[in-house]
Amino acid sequence: MQWKDKQTYLEAGCPSHFRFDETLVFLKRSDQEILHLVKGRTVFKALRVEEDVVVFSVTEEDGKLYIHFLNGKFDKAIKDFVADYVTKWFDLERDVKPFYQLAQHDPYLRDLVKTYSGLRVVGIPDLFEAFVWAIAGQQINLSFAYTLKRRFVERFGEKLDWEGETYWIFPQPAVIADVNIEVVRDLQFSSRKAEYVLDIAKSMRDGTLSLQELEEKCYPELKKVLLSIRGIGAWTADYVLMKCFQMPNAFPIADAGIHQALKQLLGWKPTVEEIAELARDWAGWEAYATIFLWRSLYE
């Protein structure tokens, strides 16, 4: 992804099979989301980059994406960090043509890729955020998962008020690592989930768990590592692999949303074994099949 530096903003051409409006649909799916703000066709976000807090916006016009830096002038390193974040956030470097070729001949995906063409995996580039979100979402509905995340961010995150809006930044592991478990439980995390989050925060703070080391591993190796972490089961592991590590073959097959979407498509509820069988044709692109199935649920 080639971003051109125009001093106060960055510019890049949209990749093929990418529609910004589909990204916005996903980003607007909950009114409890506080880590970004969508106004019209523009998304606003704040990130901490070492000593700086950067407020920026992302929008699209005439086939080009624009990142505008809103709260100051920043050096190349910070601009590169934000550009890399956005690229990963929207999975912009993925060549999805093979997926579309596959999906056009698949009886379950064919109509979905026509209806929602341009949809991409909206990721979670921050590993700690990905873990917390996945753990929070274990065995509860999406609405309550967002409630837990909002409480977590408001309790431990960084807040910035700028030009009449409040921006929140997800907390760093070091902020969480030594807090009393009761503080997390007070947010309505279960005791187990609170323990899992605190354990991961400690491991990331201490450097025994890091994105840089993990992202060098292939899918089977990395999934094995994640499954060895207390509190991380198959669904959580594949969700993190899909959303943070951008692995297109990650497949949270037990996900309730996948089952619900397939039930709507098929007219009956398939078993996990039956889903595994029909997903054989999605090999290598299970994560993309998943997001199109999810997309069919929020009209």
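**Close-up views of the predicted model**

**View 1. Lys-149 is found in helix H6 (residues 142-156).** Helices (H or I, at least four residues) and strands (E, at least two) are DSSP runs, numbered from the N terminus. The structure is a predicted model, in which local features need pLDDT of at least 70 and side-chain atom pairs count only at pLDDT 80 or more, while totals for chains, interfaces and linings use all residues. Residues are numbered from 1 along each chain as its sequence is written, and side-chain values use heavy atoms, with hydrogens and water left out. Is Lys-149 buried or exposed? The residue is buried, because its relative accessible area is 9%; buried means under 20% relative accessible area, exposed over 50%, and partly exposed in between (1.4 Å probe, protein chains only). Leaving aside residues up to four places away in sequence, Lys-149 touches Glu-33, Leu-35 and Trp-133, where a contact means heavy atoms within 4.5 Å.

**View 2. The largest nonpolar core holds 75 residues.** A nonpolar core is a set of buried Ala, Val, Leu, Ile, Met, Phe, Trp, Tyr and Cys residues joined through side-chain atoms within 4.5 Å. The members that touch the most others are Phe-128, Phe-131, Phe-152, Leu-226, Phe-245 and Phe-292. Helix H5 (residues 127-136) gives the most to this core, contributing nine residues. Phe-128 touches Phe-152, Phe-170, Pro-171, Gln-172, Pro-173, Ile-176, Val-197, Ile-200, Ala-201 and Met-204, not counting residues up to four places away in sequence.

**View 3. Helix H12 (residues 234-243) is largely enclosed by the rest of the structure, because eight of its 10 residues are buried.** The buried residues are Thr-236, Ala-237, Asp-238, Tyr-239, Val-240, Leu-241, Met-242 and Lys-243. Which helices do the buried residues of H12 pack against? They pack against helix H1 (20-27), H5, helix H11 (219-227) and helix H15 (286-295). H1 is itself mostly covered, with six of its eight residues buried; these are Phe-20, Glu-22, Thr-23, Leu-24, Phe-26 and Leu-27.

**View 4. Strand S4 (residues 42-49) pairs with strand S5 (residues 52-61) in the antiparallel sense over eight bridges, and three bridges join S4 to strand S3 (residues 37-39), also antiparallel.** Two strands pair if DSSP finds at least two bridges between them. Lys-39 has Thr-42 as its bridge partner in S4, and Phe-44 stands opposite Ser-57 in S5. S3 and S4 form a hairpin with two residues between them, and Gly-40 in its turn has a positive phi of about 60°. The hairpin of S4 and S5 has two residues between the strands, where Glu-50 takes a positive phi near 55°. S4 is mostly covered, with seven of its eight residues buried.

**View 5. Strand S7 (residues 158-162) and strand S8 (residues 165-169) pair over five bridges in the antiparallel sense.** Asp-161 has Thr-166 as its bridge partner in S8. Two residues lie between the strands of this hairpin, in which Glu-163 takes a positive phi near 50°.

**View 6. His-17 and Asp-91 have positive phi values, although His-17 is not a glycine and Asp-91 is a residue other than glycine.** Most residues other than glycine have a negative phi. His-17, with phi of about 55°, is found in the loop between strand S2 (9-13) and H1. With a relative accessible area of 30%, His-17 is partly exposed. Asp-91, with phi near 50°, is found in the loop between helix H2 (76-89) and helix H3 (97-103). Asp-91 is buried, with a relative accessible area of 4%.

**View 7. Gly-207 lies in the loop between helix H9 (191-206) and helix H10 (211-214).** Gly-207 counts as partly exposed at 39% relative accessibility. Its C-alpha atom is separated by 34 Å from that of Val-38, which is 169 residues away along the chain. The chain that contains these elements has 15 helices and eight strands, and 51% of its 299 residues count as buried.
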